[in-house]
Amino acid sequence: MSTNPPHDEPQGKISLSSQNVIPPRLKLFLRHLTISGLAKTTISRYEDLLTLFLGYFDHINPADITPDMLDEFFEDIRFKGDRSAATVNLFKSAIRRFYQFLMETEKITKDQSWLVKNEKVVRKSPGIFSDLD
């Protein structure tokens with residue numbers, strides 16, 4: 001008799017909860033954000049997003065992540081993770097800010113994140129006009 005372990009999320013989804021250990025560089029960045037006065041909810045969101053990002057590129061130095069690798073990550077986040085363009089843009093913003101911090105603190109010497117462009121977000125109509133207007 002074979003038993004399969006239970007899955008918390010459907011296969012093909014990217015899980016934020018699968019990462020338990022916060023890498024030292026991320027701890028420093030989160031401390032920097034706290035000192036800078038960002039809201040706790042913003043810092044928590046950055047922690048979630050960047051933990052997923054660093055987990056995706058496990059054991060790869062952020063300076064060694066190429067633009068093609070970043071594109072693959074964002075494609076996986078967008079389609080396999082079933083996330084909106086606006087959410088993907090939040091990932092991109094968090095990653096750019098993290099790379100900026102790493103450059104400023106001389107943890108890396110090469111920043112590929114500036115090549116990442118935001119996706120176009122289609123905004124819904126406010127719905128205040130009727131068909132007669």
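I begin in helix 3, where Asp 76 and Lys 80 lie 4 residues apart, so about one helical turn separates them. Please bear in mind throughout that this is a predicted model. Asp 76 and Lys 80 form a salt bridge, with 3.5 Å between the closest N and O atoms. In general terms, side chains of opposite charge can pair when their charged atoms come close. How many salt bridges does a search of the whole structure find? The search returns 1.

The two partners may also be described by their accessibility. Asp 76 has a relative accessible area of 12%, so it is buried. Lys 80 stands at 48% relative accessibility and therefore counts as partly exposed.

The protein chain contains 4 helices and 0 strands, and the order of its elements from the N terminus is α-α-α-α. The chain has 133 residues, of which 32% count as buried. As for contacts between residues at least 6 apart in sequence, 62% of them join residues at least 24 apart.

Asp 68, Asp 71, Glu 72 and Glu 75 form a negative surface patch. Within this group, Asp 71 is located in helix 3, which covers residues 67-80. Its relative accessible area is 48%, so Asp 71 is partly exposed.

Next, a lysine in helix 4. Setting aside residues up to four places away in sequence, Lys 92 touches Phe 74, Val 116, Lys 117, Asn 118 and Glu 119.

I turn now to the loop between helix 2, residues 40-56, and helix 3, where Pro 62 is found. At 6% relative accessibility, Pro 62 is also classed as buried. Which residues does Pro 62 contact beyond its neighbours within four places in sequence? They are Arg 25, Leu 54, Tyr 99 and Leu 102. For Tyr 99, the separation from Pro 62 is 37 residues in sequence, and the C-alpha to C-alpha distance is 7.9 Å.

His 59 lies in that loop between helix 2 and helix 3 as well. Its phi angle is near 65 degrees, a positive value in a residue other than glycine. With a relative accessibility of 78%, His 59 counts as exposed. A further positive phi value, near 60 degrees, occurs at Glu 106, again a residue other than glycine. Glu 106 sits in the segment after helix 4, and its relative accessible area of 70% makes it exposed.

Finally, I draw your attention to helix 1, residues 24-35, which contains His 32. This histidine is partly exposed, with a relative accessible area of 30%. His 32 and Ile 43 are 11 residues apart along the chain, and their C-alpha atoms are separated by 9.9 Å.

Thank you for your attention.

Conventions. Residues numbered from 1 in each chain as written. Predicted model: local features only at pLDDT ≥ 70, side-chain atom pairs only at ≥ 80, totals over all residues. Heavy atoms only, no water. Patch = residues over 30% accessible without salt bridge, like charges linked within 9 Å, V, L, I, M, F, W, Y side chains within 5 Å. Areas by Shrake-Rupley, 256 points an atom, 1.4 Å probe, with all protein chains shown as cover. Salt bridge = Lys/Arg side-chain N within 4 Å of Asp/Glu carboxyl O. Lys, Arg positive; Asp, Glu negative; His and termini not counted. Charge placed at Lys NZ, Arg CZ, Asp CG, Glu CD. Helix = DSSP H or I, 4+ residues; strand = E, 2+ residues; numbered from the N terminus. Buried < 20%, exposed > 50% of the residue type's maximum accessible area, 1.4 Å probe, protein only. Contact = heavy atoms within 4.5 Å.
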